[in-house]
Amino acid sequence: MLLDWAYVAIFAIVGAGMVSLPFAIIALLSPRSSYPHKRETYESGMQPIGQAWAQFNVRYYLFSLVFVVFEVEVIYLYPWAVVARSLGPSAFYSIVIFLVILTLGLVYAWRKGALEWA
Amino acid sequence: MPWYVEALRAVVGTIVIFSAVAVVAAMFGVLLERKVSGWIQSRIGPTHVGPRGLLQTLADTIKLLQKEHVVPGNADPAIFASAVVIVPLAALLDYVVVPFGTTRWGPLVFRDLNIGVLYFAATSSLIVVGILMAGWGSNNKYALLGGLRSAAQMVSYEIPIGLVLITVALLAGSLSTVTIVTVQSHLWFIASQPVSFLIFLAAATAEVNRAPFDLVEAESELVAGYFSEYTGMRFALFQLGEYGEMFAMAALAVTLFLGGWHGPVLPSVVWFLIKLYALIFVFMWVRWTFPRFRIDQLLNFSWKFLIPLALLNLVVTAFFVMVVRR
């Protein structure tokens with residue numbers, strides 16, 4: 001079990017090294033020159049107006065709230081799915097109750113207009 | 001086994017998988033994309049470099065390696081630079097649990113985690129962190145919009161994928177990808193779960209940001225989306241991340257629904273690759289056939305159609321597995 005995750009850790013660490021490898025080649029090969037216009041932010045060839053780090057409307061934040069609810073639900077369902085076969089009908093009915101409650105939540109969010117992009 | 005043999009195996013496996021994905025998925029994938037799009041639009045596609053244009057992407061990579069990489073003066077240098085590593089790394093982490101085939105000594109997989117499917121769901125959504133970092137770090141309006149759209153897309157399409165994964169895990173009785181493939185030796189899950197397969201394909205297309213769900217980098221409105229400001233090899237690494245993710249999603253679809261490495265006569269790895277490329281072709285076919293969705297249509301499609309459908313499908317499957325077939 002721990003060995004499995006040691007493998008994953010090695011994969012991530014060695015992988016990060018391999019992804020960074022091209023940068024070593026870039027450092028050797030690529031030309032370097034700099035002047036003010038080159039370092040300007042691209043904005044369709046115009047002088048950029050202001051910064052992108054301004055106030056903006058994150059329209060999907062209601063979606064992400066509903067997402068948190070559903071994602072937690074999905075996490076609960078994973079262990080259930082593994083043992084479901086050995087549990088039988090009673091477990092099925094209880095999970096249906098669980099899902100119905102969540103579906104009611106989805107219907108509520110839908111009716112309240114949380115799922116509209118506006 | 002002594003620990004250093006295990007460590008050496010892990011390192012060698014990582015290097016093999018990374019190089020294979022970079023060549024088979026990214027380089028060949030880009031070439032295939034150009035050839036398929038050319039074919040669908042009655043063009044020829046690349047022909048000049050190598051026999052029938054086969055070495056085109058290699059030439060492009062060499063060209064990109066020699067390009068200067070420009071960091072915009074307004075960007076946040078730390079976030080801007082680290083996003084380039086995170087996106088391809090997140091895409092490649094998926095391959096830990098993909099079973100490529102089987103040999104006399106056991107299945108050909110980097111590590112058969114007992115929660116493989118859950119692990120895949122977790123790492124495949126990690127890519128959005130890199131995309132958001134790239135969008136925010138560039139301090140470019142187009143890039144920021146692309147990053148935010150990507151997040152909106154991810155929160156919507158993660159749930160149908162999760163529900164489909166649970167449905168398959170329910171049928172197989174396990175979360176290990178190797179077990180899921182073994183269970184399908186007689187009947188592929190596409191036969192018993194056609195609806196799940198279609199939901200998975202649609203959600204996977206959205207999750208890897210490909211047309212008709214490619215709002216993240218909609219060229220006609222956002223220039224290049226979240227990687228507008230990236231030049232040279234950094235641009236190529238984002239491409240590696242995207243194609244790596246697409247191939248990972250297709251590989252998972254093969255594993256879950258198309259029986260993984262199972263098939264007659266030919267070696268198991270060949271069967272896996274045939275199914276993989278068939279699905280990749282479907283992805284490309286869809287991309288060059290359908291126009292792009294609007295963002296509200298995209299979110300509606302997930303929340304008001306795919307999620308209820310996936311929930312219903314899960315309940316019906318659970319009913320058959322737990323009540324009828326007992």
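Helices (H or I, at least four residues) and strands (E, at least two) are DSSP runs, numbered from the N terminus. This is a predicted model, where local features need pLDDT of at least 70, side-chain atom pairs count only at pLDDT 80 or more, and totals for chains, interfaces and linings use all residues. Residues are numbered from 1 along each chain as its sequence is written, while chains are lettered from A and ligands numbered from 1 in the order in which they are written.

**Helix α10 of chain B**
- After α10(B) comes B:Gly259, with a positive phi near 75°.

**Chain B overall**
- Chain B has 12 helices and 2 strands.
- Of its 326 residues, 55% count as buried.
- The C-alpha trace of chain B spans about 65 × 50 × 45 Å along its principal axes.

**Where chain B meets chain A**
- 62 residues of chain B are in contact with 55 residues of chain A, contact being C-beta atoms, placed from the backbone, within 7 Å.
- On the side of chain B that touches chain A, α5(B) gives the most, with 13 residues.
- α1, α3, α10 and α12 of chain B are among the helices that each supply at least two residues of that side.

Definitions and conventions. Buried ≥ 20, exposed ≤ 12 C-beta atoms within 10 Å, placed from the backbone. Contact = placed C-beta atoms within 7 Å.
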